[in-house]
Amino acid sequence: MFDGLTMLRRRTMEKHRLLENHGIFSRMLAGDLTAAEYGDFLATLARFYGGIEPWLLRQLHGHPHAPLYRRRLPLLSADLRALGLAVPHPSVTPDLPPSGTAVLGMIYAIEGSTHGGQVIAAHCRKILGDPVLPAMRYLSELGPDAVWGSILQALRDELACGHDVELAASGVACVFDGLMKA
């Protein structure tokens, strides 16, 4: 039996590892993490989502997968302001064909990051303490359980062949590459 979800995970594992070891992302679980680095992390995410979120919302308008995506930019903007930082200009919008399967791959990568976000949130609370608590809406309010099961089911339903997996993987790569460039 074809298991597109497992294939997608294997196909995108290396990109995920590269992102975790890239720039500010590699510092987020450091024992000597600083509040300034946390601000850099939020700014990087805000640059990325500032470019991709409007594009993604246009792609999802009227699409059955629209409820699977939760807006991030308002939370990031509020967190940056809570730290006294400006919301940065958006990065470049990705050049991705508006394939429903590629967009679903993007949602998979974006919503999947909420799992890691919970680990980062706990670490930041421990290392940085009270000063950053007002600036943790992005990490705290987007728990992974809200839509994750629905995303996995949508992928199981849509990934019927290797071509579908490649389309979804292109969406995942768009997210990971965009975050590394932001």
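I began just after H2, where Gly 62 takes a positive phi of about 75°. This is a predicted model, so I note its terms: local features need pLDDT of at least 70, side-chain atom pairs count only at pLDDT 80 or more, and totals for chains, interfaces and linings use all residues. Residues are numbered from 1 along each chain as its sequence is written, and side-chain values use heavy atoms, with hydrogens and water left out.

**Overall fold**

I counted seven helices and zero strands. Helices (H or I, at least four residues) and strands (E, at least two) are DSSP runs, numbered from the N terminus. I looked up the extent of the C-alpha trace: about 50 × 30 × 30 Å along its principal axes. A compact globule of 182 residues would have a radius of gyration near 16 Å, and the chain agrees with 16 Å. That radius is taken over C-alpha atoms; the globule rule is 2.2 Å times the number of residues to the power 0.38.

**Helix H2**

I checked H2, residues 35-60, next. Its 26 residues should span 38 Å at 1.5 Å a residue, and the end C-alpha atoms are 35 Å apart, which agrees. The expected span is 1.5 Å times one less than the number of residues. I also found a bend of about 35° at Tyr 49, the angle between axes fitted to the seven residues ending there and the seven starting there.

**Chain end**

I found Ala 182 in the segment after H7. Ala 182 lies 32 Å from Asp 3, C-alpha to C-alpha, and 179 residues from it in sequence. Beyond its neighbours within four places in sequence, Ala 182 is in contact (heavy atoms within 4.5 Å) with Thr 44, Arg 47, Phe 48 and Ser 91.
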